[in-house]
Amino acid sequence: KETRLRLIDSIEKRINASVPVGICLSGGIDSSIIASVTKKILNKDIQTFSIFDNDVRYDERKNIKLIVNDLKVKNTSILLKKEKNFERLEKLIKYRSAPVATISYYNHSLMLEKMKKDKIKIGILGTAADEIFAGYYDHFLLQLSVLQKNKKNIEFFNSQKLFFNQFAKKFIRNPLLKDPYKYIKNPKSREHIFDEYKKISKFLISKSNQKFSEIKFTKDLLRNRMLNELNIETTPVILNEDDLNSMNFSIENRSPYLDSKLVEFAYTLPSNMMIKNGYNKYLLRQAFKDVVCKKVILNKKKIGFNSSINDIFDLRNKYILKQILNKNSPIFEFIKYDKFKKIMYQKKYENYLSKFIFSFINANIFLQKFY
């Protein structure tokens with residue numbers, strides 16, 4: 001009840017405006033809750049905006065359509081196209097004087113560009129719900145580690161492990177996150193955060209010696225990871241990217257999940273309430289199960305706001321290849337040219353390679369313009 005009341009209050013504060021407001025609807029439960037509360041509880045007419053991806057790994061149009069039909073609201077969908085995307089990325093990097101962090105924020109810029117054309121002045125995002133209410137797959141394993149330490153929780157530990165194996169495990173693409181005993185065996189294991197670093201390091205001329213580090217906020221392993229994500233790692237990067245994109249298109253960015261009263265309350269809750277019955281963000285789901293379309297709120301699969309590099313760029317385009325594989329680019333002071341050139345002619349890319357190529361293209365453009 002308290003989670004529900006505080007989030008409704010936060011959404012109400014941020015949805016009230018004398019200018020047009022748009023909600024970024026990804027199809028996940030975070031943005032679906034915002035849209036559903038705004039329409040069904042606050043009785044506000046809303047406009048929603050979504051990105052449609054052709055890659056089945058990242059396509060959330062089914063959930064988006066379920067929410068739009070349930071709420072009977074206007075939805076403007078942006079279908080990813082490859083035309084002029086390289087030029088658009090160049091403009092974004094020039095505006096920012098920095099590379100775009102991930103494909104997600106490139107997609108976000110497309111959405112905001114459309115929102116500006118539709119005269120939207122405020123964009124509402126579901127930023128940081130994962131970091132506050134335990135939304136990542138490694139959070140399942142971190143919680144199991146916390147439960148296993150307390151003998152009083154042994155029955156709950158066994159049931160949580162069973163639910164993880166039955167319901168969550170099949171959706172996890174990263175092989176490093178499939179072992180329920182991962183953090184029980186090694187509480188300091190963080191190699192999955194670097195996402196196939198060993199494979200990517202083969203492209204580097206000089207290997208990085210940088211080691212992962214985190215601040216110790218608490219002895220609770222799950223909470224400590226979440227606090228590092230919220231304060232140091234994930235959320236600050238997301239907010240920086242959100243704000244850069246929003247300012248570029250003269251749109252104000254508002255994030256209801258980052259309301260201070262809601263965040264402070266959420267971090268007083270015990271770890272065993274964060275994930276339950278195979279559901280991450282269990283409290284959020286329970287708090288709004290009567291408001292959000294059931295097929296969405298009960299969906300255990302987490303897709304994330306992402307795309308494949310092949311949906312963003314035509315890597316067969318001669319102009320793009322010429323720019324990417326320019327031997328005189330400063331990027332090849334760091335990356336092995338011949339090694340990288342080989343992967344440019346693949347038809348499909350694993351998730352880690354797709355991310356790497358996008359990062360490479362960003363760094364390449366940035367260095368050629370500013371180095």
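This is a predicted model: local features need pLDDT of at least 70, side-chain atom pairs count only at pLDDT 80 or more; totals for chains, interfaces and linings use all residues.
I started with lysine 281 and aspartate 30, whose side chains meet in a salt bridge at 2.9 Å, N to O. My cut-off for a salt bridge is a side-chain nitrogen of Lys or Arg within 4 Å of a carboxyl oxygen of Asp or Glu. The pair links distant parts of the chain, 251 residues apart: lysine 281 sits in the loop between α13 and α14 (282-287), aspartate 30 in helix α2. Helices here are DSSP runs of H or I, at least four residues, and strands are runs of E, at least two, numbered from the N terminus.

Residues count from 1 along each chain as its sequence is written, and side-chain values use heavy atoms, without hydrogens or water.

Next I checked burial (buried is under 20% relative accessible area, exposed over 50%, partly exposed in between; 1.4 Å probe, protein chains only). Lysine 281 and aspartate 30 are both buried. Helix α2 (residues 29-41) is mostly covered, with ten of its 13 residues buried. Just after α2, asparagine 43 has a positive phi of about 55°.

Then I looked for other salt bridges and got 19 in the whole structure. One of them joins aspartate 259 to arginine 14 at 3.3 Å, N to O. Aspartate 259 is in the loop between β5 (252-254) and α13 (260-266) and arginine 14 in helix α1 (residues 2-15), so this pair ties together parts 245 residues apart in sequence. Aspartate 259 is buried, at 5% relative accessible area.

Last entry: I found Arg190, Glu214, Arg225, Glu229 and Glu233 linked in a salt-bridge network.
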